[in-house]
Amino acid sequence: ISRIRRQYGLDLPIHDLFRYSTIRDLSARIDQLHGQKRETSQGEIAAIQRQPGQADELSFAQERLWFLDRLEPDNPYYNIAFAHRITGPLDVAALERSLTAVVARHEALRVSFEEVDGRALAHLDDGIEIQIPVADLRHVDDLEGELIRRAHAEARIVFDLTKAPLLRARLLVTGTEEYVLLVTMHHIVSDGWSLGVLVRELVAHYRHFTTGEPALLAQLPIQYAD
């Protein structure tokens, strides 16, 4: 639907996507809507003009997750966790700078949430630096078992939504130039699809900090709050 809106300038009702379920039928429906001059009523998303210290409203999805956290606090159900194996020489300081750069680039990764008069608001923190604790597992007997245990334990650590960042990382040394990077985020600031973006930008920043190559990441015209 977003692609149709962008390409044809049409607001396609969601039920049409299922009713006209072939390319031929959907094409005919688009022509029909064009004939009815059913152009989209949505304009371009504009960036918020914030005052210093101004808090943002939450999206409906964020409100839902904030409510669930209030309803059943101290649960890790909405943690998003993944493990990434790294082989080769690793500059931990550059990795920390790279993750800090990703967090600085995406406002959603720098917000915390507080309740004001029964309503949740999001506050932006501009001074976050990510530190990555390192654990050496090279002398552990059951290495794979210990990796799984630590990954599960890390994924179950609860976030405090009032404290940014709602992202953390831990590095496990598993051998000579062998590592596992554990990254955990709360679903209120990220989702599964975004993991690919995070890894891609992390690699681009790491290459920049270790080789001097430009990261070549386009400027973000809007952020999640926009």
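Biologist: Why does Ser98 count as buried?

Modeller: Ser98 has a relative accessibility of 0%. Buried means under 20%, so Ser98 counts as buried. This is a predicted model, and the value is computed from it.

Biologist: Where does Ser98 lie, and what is Ser98 in contact with?

Modeller: Ser98 lies in helix H5. Leaving aside neighbours within four places in sequence, Ser98 is in contact with Leu202, His205, Tyr206 and Phe209. Contact here means heavy atoms within 4.5 Å.

Biologist: Which residues of H5 and H7 meet?

Modeller: From H5 come Ala94, Leu95, Arg97, Ser98, Leu99, Ala101, Val102 and Arg105. From H7 come Leu198, Glu201, Leu202, His205, Tyr206, Phe209 and Thr210. The residues of this contact divide into 9 nonpolar, 3 polar and 3 charged.

Biologist: What makes E1 and E4 edge strands?

Modeller: The open sheet has 4 strands in the order E1-E6-E5-E4, and its pairing is mixed. Strand E1 (79-87) and strand E4 (134-136) each pair on one side only, and they are the edge strands. From one strand to the next, the twist averages 20°.

Biologist: How do you know that E5 pairs with E4 and with E6?

Modeller: Two strands pair if there are at least two bridges between them. E5 (residues 167-175) and E6 (residues 178-186) are joined by 8 bridges and run antiparallel. E4 and E5 have 3 bridges and pair in the parallel sense. Both counts reach the cut-off, so both are pairs. In E5, Val173 is the bridge partner of Asp136, while Leu172 stands opposite Val180 in E6.

Biologist: Why is E5 described as largely enclosed?

Modeller: Of the 9 residues of E5, 8 are buried, so E5 is largely enclosed by the rest of the structure. H5 lies across E4, E5 and E6, and H7 lies across E1, E5 and E6.

Biologist: At what angle does H5 run to E5, and H7 to E1?

Modeller: H5 runs at about 155° to E5. That is over 145, so the two count as roughly antiparallel. H7 runs at about 35° to E1.

Methods: Residues are numbered from 1 along each chain as its sequence is written. This is a predicted model: local features need pLDDT of at least 70, side-chain atom pairs count only at pLDDT 80 or more; totals for chains, interfaces and linings use all residues. Side-chain values use heavy atoms; hydrogens and water are left out. Ala, Val, Leu, Ile, Met, Phe, Trp, Tyr, Cys and Pro count as nonpolar, Asp, Glu, Lys and Arg as charged, and the others, Gly among them, as polar. Axes are lines fitted to C-alpha atoms, for helices over the stretch in contact, and angles run from 0 to 180 degrees between N-to-C directions. Buried means under 20% relative accessible area, exposed over 50%, partly exposed in between (1.4 Å probe, protein chains only).
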